[in-house]
Amino acid sequence: MNGTALDVQGLGKRYGHTPVFSGVDLTVASGEFVAIVGESGVGKSSLLNCLAALDDWSEGRILHQGVDLGTLDEAQRAHWRRQHLGFVFQAFHVLPHLDVAQNIGLPLLLLGQPDTARVEQMLQAVGLDGLGARLPAELSGGQLQRVAIARALVHRPGLLLADEPTGNLDPATAKQVMDVLQQQASDSGAALVLVTHSRAAAARAQRVLHLTATGLHSA
Ligand SMILES: Nc1ncnc2c1ncn2[C@@H]1O[C@H](COP(=O)(O)OP(=O)(O)OP(=O)(O)O)[C@@H](O)[C@H]1O
Ligand SMILES: [Mg+2]
């Protein structure tokens, strides 16, 4: 689990002719936790979407464990995401018609590796033991976010990207969710890149980086 999980070199992003950021360099080791902060609109979500190969970038390179994501076509990117990426969205993005266990197990199903024991293990790990048969509508915001974290980690991805995962939560629930996210990432040796406006969440990271139009700088 040692080594470089993510290597970003000279990354730049434009929407049409409008530049968002350029000159982003970032290396994250396996098991490392990096927080990215910055003003609203500076491009944090755009950056995470690029790191997930969910969106195209305008210049620079993104390597994940030696794989140059820029050389992959759409189908190969989707395959890469399924195997290697966990993404925690601010707005949970759980599927309302699937129960909690089905939501958490979805990445394994997509990989053709359904594993109910692993889903049970994740339910326990995020403190949702016994709630597997509930529908998302029957959960609190903090519980939903823990479902999203379990789903992001169930397939043991090497790279975990989280976009303001505590943005919708009260401080006590946010702390609980961050505990789970950090513990699970560390247990599985995943590199964790967290975008957040929360000082408390950022303070947990090994490094805090500030995104500006001209790159990532030590905060
Ligand atoms: N699909 C898009 N097309 C054009 N412009 C976009 C698009 N998505 C985002 N932008 C613009 O790019 C800039 C960066 O947006 P982004 O969502 O990445 O910011 P952010 O740092 O995540 O902000 P916040 O902290 O509010 O979430 C903003 O000016 C935004 O308006
Ligand atoms: Mg954002």
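What is the order of the strands in the open sheet of six strands, and what kind of pairing does that sheet have?

Modeller: This is a predicted model. The order is S6-S7-S8-S3-S9-S10, and the pairing is mixed. Two strands sit at the edges: S6 (85-88) and S10 (215-218). Each of them pairs on one side only. On average, neighbouring strands of this sheet are turned by 25° against each other, with direction ignored.

Now take strand S3, residues 33-37, and its partner S9, residues 207-212. These two strands run parallel, and four bridges join them. Val-34 has Arg-207 in S9 as its bridge partner. Val-37 stands opposite His-210 in S9.

S9 also pairs with S10. Here the sense is antiparallel, over four bridges. A hairpin of two residues joins S9 to S10. Leu-209 stands opposite Ser-218 in S10. In general, strands of a sheet pair through backbone hydrogen bonds, either parallel or antiparallel.

Stay with S3 for one residue. Ala-35 lies in that strand. Is Ala-35 buried or exposed? It is buried, because 23 other C-beta atoms lie within 10 Å, and the cut-off for buried is 20 or more. Which residues does Ala-35 touch, leaving out those up to four places away in sequence? They are Leu-194, Thr-196, Ala-201, Ala-202, Ala-205 and Val-208. Ala-35 and Arg-204 are 169 residues apart along the chain, yet their C-alpha atoms are separated by 8.4 Å.

Beyond its neighbours within four places in sequence, Ile-149 is in contact with Val-88, Val-126, Val-177, Val-180, Leu-181 and Gln-184.

For context, there is a second open sheet. It has four strands in the order S2-S1-S4-S5, with antiparallel pairing. Its edge strands are S2 (18-29) and S5 (67-68), and each pairs on one side only. S1, residues 4-15, pairs with S2 in the antiparallel sense over eight bridges. Val-8 has Leu-26 in S2 as its bridge partner. H1 packs on this sheet, touching S1, S2 and strand S4 (59-64). The direction of H1 makes about 125° with that of S1.

Helix H1 spans residues 44-51 and gives the most to the shell around ligand 1, with three residues. The residues around ligand 1 are Tyr-15, Val-20, Gly-38, Ser-40, Gly-41, Val-42, Gly-43, Lys-44, Ser-45 and Ser-46. By type, the shell divides into three nonpolar, six polar and one charged.

Notes:
Residues numbered from 1 in each chain as written. Chains lettered and ligands numbered in written order. Predicted model: local features only at pLDDT ≥ 70, side-chain atom pairs only at ≥ 80, totals over all residues. Near = placed C-beta within 6 Å. Nonpolar A, V, L, I, M, F, W, Y, C, P; charged D, E, K, R; others polar. Contact = placed C-beta atoms within 7 Å. Pairing = 2+ DSSP bridges. Axes fitted to C-alpha atoms, helices over the stretch in contact; angles between N-to-C directions. Buried ≥ 20, exposed ≤ 12 C-beta atoms within 10 Å, placed from the backbone.
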